[in-house]
Each structure stands twice: as C-alpha cells, then as structure tokens.
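Please look at the sequence and the structure below. The briefing that follows goes through strands, helices and single residues.

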Amino acid sequence: MRHIFTFSLCLFATAMMAQLPENRATKFKQLYEELPTPNTYRTASGAPGHEYYQQRADYDMDIVLDDDNQRIYGEQTVTYYNQSPDELRYLWVQLDQNMREPSSITNKVRTESLGEKVSSAQIKRILNDFDGGFKLEYVQQTNGRDLPYTVNNTMMRIDLPQPLKSGSSFSFKVKWWYNINDRMVLGGRSGYEYFKEDENYLYTIAQFFPRMAVYNEVEGWQNKQFIGTGEFTLPFGNYKVRITAPEHHVVAATGVLKNESSVLTREQRNRLRDARKADVPTMIITPEEALENESRRSDKTKTWQFEAENVRDFAFASSRKFIWDGMNQPTGGKDVLCMSYYPKEGNPLWEKYSTKVVAHTIEVYSRFTIDYPYPVAISVHANRIGMEYPMICFNGGRPEPDGTYSEATKYGMISVIIHEVGHNFFPMIINSDERQWTWMDEGFTTFVQYLAEQEWDVNYPSRRGPAHKIVDYMKGDPHGMVPIMTNSESILQFGNNAYGKAATALNILRETVMGRELFDYAFKEYARRWAFKHPTPADFFRTMEDASAVDLDWFWRGWYYTTDHCDIALDDVRWYQISTGNPEIENPIARERSENENRGISHMRNLDMKDETVVARDPDTRDFYTEVDRYKVINRDLEDYERYLTKFDEDEKALLDTNLQFYQINLRMVGDLVMPVILEFTFADGSRQVERIPAEIWRKGDREVSKVYAFQQEVTSVILDPFLETADTDRGNNYWPPRVEPTRFQMYKQQGSSRYGRPAENLMRRHGND
C-alpha cells in the first residue's frame with residue numbers, strides 16, 4: 001500500500017536553515033589551489049598565451065638493420081632550435097633503449113613473486129641478462145670535435161661548447177648501435193618477432209635513436225627517467241631518414257617514401273599510384289610476392305628513404321613477409337593514403353579489415369578533433385602488441401594457423417587498430433607529456449575510439465566508454481586505486497585508470513553533464529588550440545569550461561583528483577495531494593481511508609467479538625458520538641468551506657481544483673562522488689517522463705536532498721539513473737517501489753576438497769568459450 005499525504009494551501013511559507021555539514025563546499029570548491037597560476041605562456045582560458053613557445057629538433061639519420069645479428073646501427077645529425085627565452089648551457093637527450101641494460105633502473109625496480117606454479121615467461125624474465133642498451137660510439141659537433149656528455153641511465157646530458165642563446169640553433173652528431181630484443185620473449189614496444197617456419201624476422205622498431213627531451217616553462221627539461229610505463233615527451237621537428245635493410249625486405253615508416261623507383265618494381269609503383277586514389281583497399285605488394293620474398297636470401301641491401309615534416313618521433317617496420325595494401329581517405333580537402341603491412345599469418349583478417357579500419361579511424365577522429373594533417377597513416381601487424389608513433393602503428397590481432405578466428409580476435413584487432421591509429425591525434429599531434437600524464441593520451445584516445453567503434457557498428461562490443469562499464473572498477477577496494485591525476489609510473493590498475501576511467505569521464509561529460517553539442521564544440525576547440533603544441537591538464541580543464549560556459553571544477557575534482565565512487569540512493573517517494581477544503585470532496589476521501597486503514601492484528605481479531613461488547617449489548621451506553629456519521633456533510637461544514645475560500649484570490653482558488661499529484665523525491669548521496677540525478681517517472685497510463693537534475697543540487701554539501709514534482713496523474717514507479725549514465729555502483733537503491741536486481745552466478749560441481757588443490761568441474765561456460 002502506498003501512503004498519500006494531503007496538505008493545505010497556505011498564504012505563506014517558512015524556510016528552515018538546516019545545520020550545514022563541515023567542509024560543505026569542498027566538492028564544489030574551485031580548483032585554484034590545484035591548477036597552476038595562468039601566465040603569458042598559458043592563459044586562464046586554457047589557450048596558449050601570447051608568449052607561448054616550444055623547441056624544435058630536426059633529424060638527419062642513416063640507419064642500418066642487421067638481419068643476421070638482430071642489431072641496428074645509426075648515425076644521426078640533430079639540429080636543436082632554442083626558441084625559448086632562456087639561455088641553455090646543456091641539452092638533455094633520451095636514451096630509452098638503456099632500460100634494456102642489465103643494470104637499468106627498470107630491471108632493478110621490477111618486482112616478482114613466486115607461487116607453486118611459475119610460468120616459463122616469468123622465469124625467463126628473472127634470468128634475463130639481455131643487453132639491449134645503447135652503445136655510443138661518439139657524440140660530436142658537426143666539425144668532428146668530441147662533445148662532453150654524461151649518461152644517467154636513460155638520459156644523456158650534452159655539455160655545449162658555449163651557451164645556446166634564445167633564437168639560436170646547435171647541431172651535433174651521434175653514432176650508436178644496440179642489440180634488438182626478441183619481443184615475443186622479452187616483451188617491449190619495439191623489437192622483433194621470429195617466424196620459425198620460414199626463418200624470417202619481422203621488426204617493429206621504435207624509440208630506437210637518441211631523441212631530444214622537451215624543454216618548456218612547465219618542467220624545464222623533462223628528463224624524468226624512462227622506467228617503462230610512462231611513455232614519451234618529445235619536441236616536433238623534421239626528419240630525413242635512410243633505412244638500409246636486406247634486399248628483399250619491405251620497409252614501412254613514418255613519413256613519405258621518397259625513392260619509390262629504387263625499392264619498388266614498376267608494377268608495384270603503379271599499384272601504389274592506384275592505391276592513392278582508390279576507395280577500397282588495393283594491393284601494392286601481393287600475397288604471392290610476399291611469399292616469394294620470404295624464401296629469398298641475398299647479401300645485397302636496399303636503402304629506403306623517408307621524409308616527415310612536423311612530427312615528434314619516427315618509427316619503422318621491416319620484413320620479407322609483408323603484404324602491403326592501401327586506399328585513399330579524403331580528409332579536410334586533402335588525400336590521406338591509408339595503408340597496412342602484414343604477414344600472411346594475419347590473413348584473412350588483415351586483408352579484409354585493417355586498411356578500412358585505418359581509413360574509418362582517420363575520418364572519425366578528424367571529425368571530433370582536427371583534420372588529419374599528415375599524408376599517410378599506416379597499420380603494421382605484429383603479434384600481441386598495440387603501439388603508436390607518428391603516421392605508423394604496430395597492432396596485434398592474429399587468426400589461428402588455419403585461418404579461423406574468434407569473435408574476440410576480430411573485434412580485438414579492429415579496436416587496437418582504431419586505438420593506435422587514433423593516437424596520431426593524441427599525443428602525436430596534440431602533444432601532451434606522456435611521461436607525466438598517461439590519461440591525456442590514452443584516455444582521450446580510448447574515448448574517441450569508443451565513438452569510432454560505435455560508428456563502425458552500433459552493436460559493436462566496446463569494452464570501454466559507457467558509464468556502466470567502469471562500475472566494477474569504481475566500486476573496488478579504494479586501497480587498490482589511485483586518482484587519474486597520478487604520475488604514469490605510479491598508476492595502479494593501469495588499464496582501468498588511465499584508459500577506462502579517463503575515457504568514461506569524457507563520455508559522461510558528453511552524454512550527461514554537458515550534452516553532445518557543448519562537449520563536442522569544446523573538445524574540438526581544445527584539439528584546435530593545442531594541435532602541434534604541448535598541453536597540460538590545466539589547459540584541457542580550462543578550455544572545456546571556457547568554450548562551454550559550464551563550471552566543471554566539481555567534475556575534475558571528483559573524477560580526476562579522487563578515487564570516490566558514485567552511489568546515489570532513492571531513499572523514499574512521498575505522494576501528496578492538495579486538500580480542497582470542500583467537505584463534499586474531502587469527506588468521502590476520508591471515509592474511504594478510514595475504512596481501509598490498517599489498525600493492526602489486535603483489531604482484526606477483536607472484530608470476532610463485536611456483537612459481544614458492552615456497547616453492543618447495552619443500548620444505554622450509546623450516545624450521539626457512538627451513532628454519528630462523522631463523514632456526513634452538514635451545513636456547518638459548508639459554511640466553514642465558504643469562509644475558507646474568501647482567503648484566496650481566483651488564481652489560488654483554481655489551484656484547489658487542479659487535482660495535481662505531488663511527489664517528494666528523497667535522495668541520499670551514499671558514495672562520495674557527486675553526480676547529476678536522472679529520474680524516470682512511469683505513470684498510471686504507462687507513459688514515461690525523464691527529469692534531469694544537475695550535479696549542483698549537491699553544491700551545499702548536503703548528503704540528503706529532496707525534490708518535489710507535480711504531475712497530472714498518478715506515478716506508479718520511479719527509477720534513478722535509468723539509462724546507466726552516472727556509473728552508480730549500487731543499483732539496488734535506485735528504484736521506487738523497491739526492487740532487487742538479480743545477479744547471475746555459475747554453478748560448479750566440487751570434485752574434491754580444495755585444500756588438496758583438486759580442480760572443480762565448471763558446469764556453465766562463459767560466453768565466447770568454445
């Protein structure tokens with residue numbers, strides 16, 4: 001039974017000030033203390049200031065790939081442009097491969113534990129003595145004079161012969177080599193995969209050369225050591241790179257191939273020309289040609305020449321095994337050549353999907369950020385990897401040897417290609433500091449990845465993006481979490497934090513807090529402002545508010561600076577109706593309530609003796625009050641009603657006849673993460689109405705709030721967060737009338753006492769298991 005409360009219409013209202021809780025404004029406190037003070041380099045609006053600057057580094061490199069010994073040799077000339085207002089006495093250069101030295105910080109801080117069962121891979125990691133660090137042969141001025149330098153783990157300081165003044169440039173040369181790691185054994189973003197069947201290698205080579213560190217007004221020199229998790233922070237520049245590889249290798253790389261006639265046959269060049277205008281993937285090197293290359297051996301080499309303008313890095317892939325296809329994707333009035341390189345082991349998936357996915361990704365990300373500015377976009381297939389560099393990325397997703405593949409492999413491949421190609425925008429163009437903030441590239445890329453996946457197929461099984469998919473993480477043990485605003489090397493649950501939660505936060509902003517129109521405009525403005533620049537978290541936070549007129553400090557504080565979770569409870573719903581004061585209306589209602597009143601078990605049982613009570617047996621004990629019909633309308637009641645009406649004007653009298661149904665919704669914030677409130681009302685006729693309450697309803701720090709709605713008809717049910725928008729961690733308290741959400745569990749048959757380690761037979765298979 002639902003209780004209906006009535007209230008009388010009054011001529012005045014009183015307000016009571018509840019005792020305010022301590023720290024009532026903390027969750028809505030502005031982020032003045034957390035964000036850096038705006039300045040001439042970075043403004044309070046989130047835009048680059050009028051004195052914003054950034055450095056530049058150009059590279060001219062000769063690279064030799066030694067396929068016999070799995071080594072790479074390089075000679076490079078770097079020209080560094082000091083566009084800062086500061087005088088520099090030394091330069092910092094990144095030597096990321098030094099993480100593969102046996103005595104590296106990475107190896108020293110890696111933790112291991114042993115159980116009763118230990119994988120062979122873990123044992124190999126423990127016993128690993130592979131030396132993959134840089135071997136520096138010289139660091140010199142361009143005139144051949146040695147430069148003094150100091151190597152500190154993964155960083156090298158070059159001491160300049162004289163201070164580098166603002167507006168000046170300095171060129172130096174480095175010669176180096178290192179052993180390439182077996183990526184399938186030792187792991188890593190870069191390395192090789194060996195194919196035993198045909199005795200070929202597939203190289204995916206990245207962070208392979210000494211690279212300039214970033215110098216700016218935020219960090220000074222960003223020379224934080226590369227331990228392995230926090231990725232890369234790099235200045236933009238122009239590259240000229242010549243890669244010498246075995247004669248029958250095919251090389252894919254950042255930039256544009258400049259000597260097609262030296263490395264491709266006439267027929268292959270014609271196919272490449274056709275691919276540049278094709279609207280479907282077109283073969284450039286066919287499966288038959290790749291198969292022939294696999295079996296060929298020669299002591300001869302070919303040199304592939306690439307040039308890339310205004311990129312922050314350079315990477316390449318090389319193998320005899322590559323099939324190569326491409327197609328055009330018009331973007332922003334320009335043509336983008338989308339290409340894939342893959343061994344036969346990637347088919348049939350790669351030939352069917354890869355290049356189409358690359359083109360789709362370029363189109364979607366360009367629409368939500370800026371037009372893709374580069375001439376090519378490349379996806380290279382390497383097993384069990386997903387890694388990104390300018391214009392090129394390395395992606396997993398391999399079918400079984402017989403060519404069959406699972407649904408998980410198919411969608412995993414499509415997703416990783418979208419994600420890694422999408423990284424061209426974050427951080428390759430919108431060039432955030434990955435060494436410091438993983439979420440600024442991984443979270444942004446994962447968010448737009450979700451949009452691209454849904455545009456690929458509305459039923460796409462996206463793993464991340466929607467709010468409800470982050471609930472299990474958000475309601476987990478807070479001691480196993482850290483805020484999103486945590487340095488890359490210190491993140492716990494890396495995927496859930498920097499990818500999942502960060503992407504979900506953006507999707508909630510878009511769908512629930514700001515709305516698609518405001519969000520899309522502000523997000524695109526952030527990309528426009530910071531394309532080919534170095535944004536910080538404050539630049540993003542401020543731009544999103546500046547371009548939308550939505551105060552989001554409460555959102556940044558809760559989602560990015562804490563590990564709080566959202567749990568809002570629909571505590572109670574109270575139903576009210578206006579008392580008309582008319583006895584001809586109110587008395588019958590009162591009679592019905594009295595007759596239906598639940599007076600308890602004693603009264604129910606005592607009704608059996610109603611004919612045996614004193615009043616029933618002795619008429620003399622009865623009087624007016626015993627016999628009167630207290631709900632019968634009498635003249636005095638009507639007179640009182642007429643006097644009551646004289647107190648109101650005509651508009652107020654009309655309210656008495658509206659028959660409005662008033663509902664007081666009592667809400668309680670159980671979790672500590674403030675969020676908007678979305679309510680869905682279902683009415684007696686089956687119709688529905690959704691009401692959206694901004695998060696500011698919690699702005700005064702109350703844990704409990706009430707909201708009153710007036711409807712023309714009776715409400716039969718209320719659902720809080722009906723569309724799973726807020727990552728509410730407990731939906732059991734989201735319903736009126738209350739309902740219990742079922743949880744499915746798996747039944748198993750115990751085959752023996754677990755204390756002896758005997759297995760149990762699983763009687764129910766998970767979806768996707770064969």
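T204 stands opposite A317 in strand β19. This is a predicted model, in which local features need pLDDT of at least 70 and side-chain atom pairs count only at pLDDT 80 or more, while totals for chains, interfaces and linings use all residues. Residues are numbered from 1 along each chain as its sequence is written, and side-chain values use heavy atoms, with hydrogens and water left out. Helices (H or I, at least four residues) and strands (E, at least two) are DSSP runs, numbered from the N terminus. Two strands pair if DSSP finds at least two bridges between them.

- Strand β10 (residues 200-205) pairs with β19 in the antiparallel sense, over four bridges.
- Strand β15 (residues 250-253) also pairs with β19 in the antiparallel sense, over four bridges.

**The seven-stranded sheet**

- Strands of a sheet pair through backbone hydrogen bonds, either parallel or antiparallel.
- Seven strands form an open sheet with mixed pairing, in the order β5-β8-β3-β2-β14-β18-β16.
- Its edge strands, β5 (135-141) and β16 (256-257), each pair on one side only.
- Within the sheet, strand β14 (residues 237-246) runs antiparallel to strand β18 (residues 301-311), and nine bridges join them.
- I243 stands opposite W304 in β18.

**Helices α15 and α19**

- The axes of helix α15 (residues 583-596) and helix α19 (residues 635-645) come within 10 Å and cross at roughly 120° (axes are lines fitted to C-alpha atoms, for helices over the stretch in contact, and angles run from 0 to 180 degrees between N-to-C directions).
- α15 and α19 are therefore oblique to each other, given that angles under 35 degrees count as roughly parallel, over 145 as roughly antiparallel, 65 to 115 as roughly perpendicular and the rest as oblique.
- P583, E584 and N587 of α15 meet D637, L638 and Y641 of α19 (contact means heavy atoms within 4.5 Å).

**Residue S104**

- Where is S104 found? S104 lies in the loop between β4 (88-94) and α1 (105-109).
- S104 counts as buried because its relative accessibility is 4%.
- A polar atom of the S104 side chain lies 2.8 Å from the backbone oxygen of M99.
- A polar atom of the S104 side chain lies 3.2 Å from the backbone nitrogen of N107.
- Not counting residues up to four places away in sequence, S104 touches N98 and M99.

- G443 is in helix α9 (residues 439-456).
- With a relative accessibility of 0%, G443 counts as buried.
- G443 touches T438, A498, Y499, A502, A503 and L506, not counting residues up to four places away in sequence.
- N507 is in helix α11 (residues 494-513).
- N507 has a relative accessible area of 6%, so N507 is buried.
- Leaving aside neighbours within four places in sequence, N507 is in contact with F447, Y450, G465 and P466.
- N507 and L451 are 56 residues apart in sequence and 9.2 Å apart in space, C-alpha to C-alpha.

Methods:
Buried means under 20% relative accessible area, exposed over 50%, partly exposed in between (1.4 Å probe, protein chains only). A polar contact is a pair of N or O atoms within 3.5 Å; within protein, one must be able to donate a hydrogen and the other to accept it, and residues adjacent in sequence count only if both atoms are side-chain atoms.
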